[in-house]
Amino acid sequence: MKIACTVNGRARTVDGAWEGESLLSVLRDRMQLPGSKNACEQGECGSCSVYMDGVLVCACLVLGGQANDRTIVTIEGLATGTALHAVQQAFVEAGAVQCGFCTPGLVVATHDLLARFPEPSVMQIREALAGNICRCTGYAKIIDAVQLAARRIAVDEHSAR
Ligand code: FES
Ligand code: FES
């Protein structure tokens with residue numbers, strides 16, 4: 001089947017996807033966007049989190065065909081050229097990345113959280129990231145990273161006024 005959608009600001013078309021193929025597979029295997037990770041393929045870990053029409057989804061639970069005519073943003077779409085997004089930079093600086101397998105999903109989920117709650121409490125952070133499983137960090141550094149990103153974004157927005 002043919003899928004035409006916008007991915008990270010670019011019109012993309014894929015031909016030959018099979019009807020049951022997930023959006024995650026389309027992104028990784030057909031569009032050469034390997035940032036979204038495939039850890040469980042059943043909606044349990046959040047490592048495949050992307051935006052579809054501005055809504056956070058697990059790309060492994062979305063059929064590729066459902067992305068037709070939709071707008072997708074993946075972890076690759078958050079950076080500006082070679083400049084990391086503030087959330088990505090904060091994860092690096094806070095030491096929230098170990099094996100890194102969970103990181104793309106956590107970064108996209110954090111980006112979504114901070115768009116809704118610019119100054120989230122620890123409970124709000126824990127709740128927002130509850131669907132993102134990390135096997136390495138113990139989560140403390142991840143919470144540090146979210147708080148660091150929130151502070152950086154607030155400073156950037158203040159100086160842009
Ligand atoms: S790979 Fe999609 S939720 Fe785990
Ligand atoms: S850093 Fe390894 S799973 Fe999170």
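This is a predicted model: local features need pLDDT of at least 70, side-chain atom pairs count only at pLDDT 80 or more; totals for chains, interfaces and linings use all residues.
Trainee: Which strands do the buried residues of H1 pack against?
Mentor: Helix H1 covers residues 23–30, and its buried residues are Leu23, Leu24, Ser25, Val26 and Leu27. Those buried residues pack against strand S1 (2–7) and strand S2 (10–15).

Trainee: Is Gln32 buried or exposed?
Mentor: Gln32 follows H1 and lies in the loop between H1 and strand S3 (49–52). Its phi is near 55 degrees, a positive value in a residue other than glycine. Most residues other than glycine have a negative phi. With 8 other C-beta atoms within 10 Å, where 12 or fewer is the cut-off, Gln32 is exposed.

Trainee: What is the phi of Tyr139 near?
Mentor: Tyr139 lies in the loop between helix H4 (122–128) and H5. Tyr139 is partly exposed, with 16 other C-beta atoms within 10 Å. This residue is not a glycine, yet its phi is positive, near 75 degrees.

Trainee: Are H2 and H3 parallel or oblique to each other?
Mentor: Two packed helices are described by the angle between their axes and the distance between the axes. The axes of H2 (residues 86–93) and H3 (residues 103–116) come within 9 Å and cross at roughly 125 degrees, and the crossing is right-handed. That angle falls between the perpendicular range, 65 to 115, and the antiparallel one, over 145. H2 and H3 are therefore oblique.

Trainee: How many charged residues are in the contact of H2 with H3?
Mentor: On the H2 side the contact involves Val87, Gln88 and Phe91, which meet Thr103, Val107, Thr110, His111 and Leu114 in H3. By class there are four nonpolar and four polar residues, and the number of charged ones is no residues at all.

Trainee: How many charged residues are in the contact of H2 with H5?
Mentor: H2 and H5 (residues 140–160) pack at about 135 degrees with axes 8 Å apart, in a right-handed crossing. H2 brings Ala86, Val87, Ala90, Phe91 and Glu93, while H5 brings Ala145, Leu148, Ala149, Arg152, Ile153 and Asp156. By class the contact has eight nonpolar residues, no polar ones, and charged residues numbering three.

Trainee: What distance separates the C-alpha atoms of Val73 and Asn8?
Mentor: Val73 lies in strand S5 (residues 71–73) and is partly exposed, with 19 other C-beta atoms within 10 Å. Leaving aside neighbours within four places in sequence, Val73 is in contact with Asn8, Val50 and Tyr51. Although Val73 and Asn8 are 65 residues apart along the chain, their C-alpha atoms are separated by 4.9 Å.

Note on methods:
Residues are numbered from 1 along each chain as its sequence is written. Chains are lettered from A and ligands numbered from 1 in the order in which they are written. Axes are lines fitted to C-alpha atoms, for helices over the stretch in contact, and angles run from 0 to 180 degrees between N-to-C directions. Helices (H or I, at least four residues) and strands (E, at least two) are DSSP runs, numbered from the N terminus. Angles under 35 degrees count as roughly parallel, over 145 as roughly antiparallel, 65 to 115 as roughly perpendicular and the rest as oblique. A crossing is left-handed if the near helix is turned anticlockwise from the far one by less than a right angle, and right-handed if clockwise. Two residues are in contact if their C-beta atoms, placed from the backbone, lie within 7 Å. Ala, Val, Leu, Ile, Met, Phe, Trp, Tyr, Cys and Pro count as nonpolar, Asp, Glu, Lys and Arg as charged, and the others, Gly among them, as polar. A residue is buried if 20 or more other C-beta atoms lie within 10 Å of its own, exposed if 12 or fewer, and partly exposed in between; C-beta atoms are placed from the backbone.
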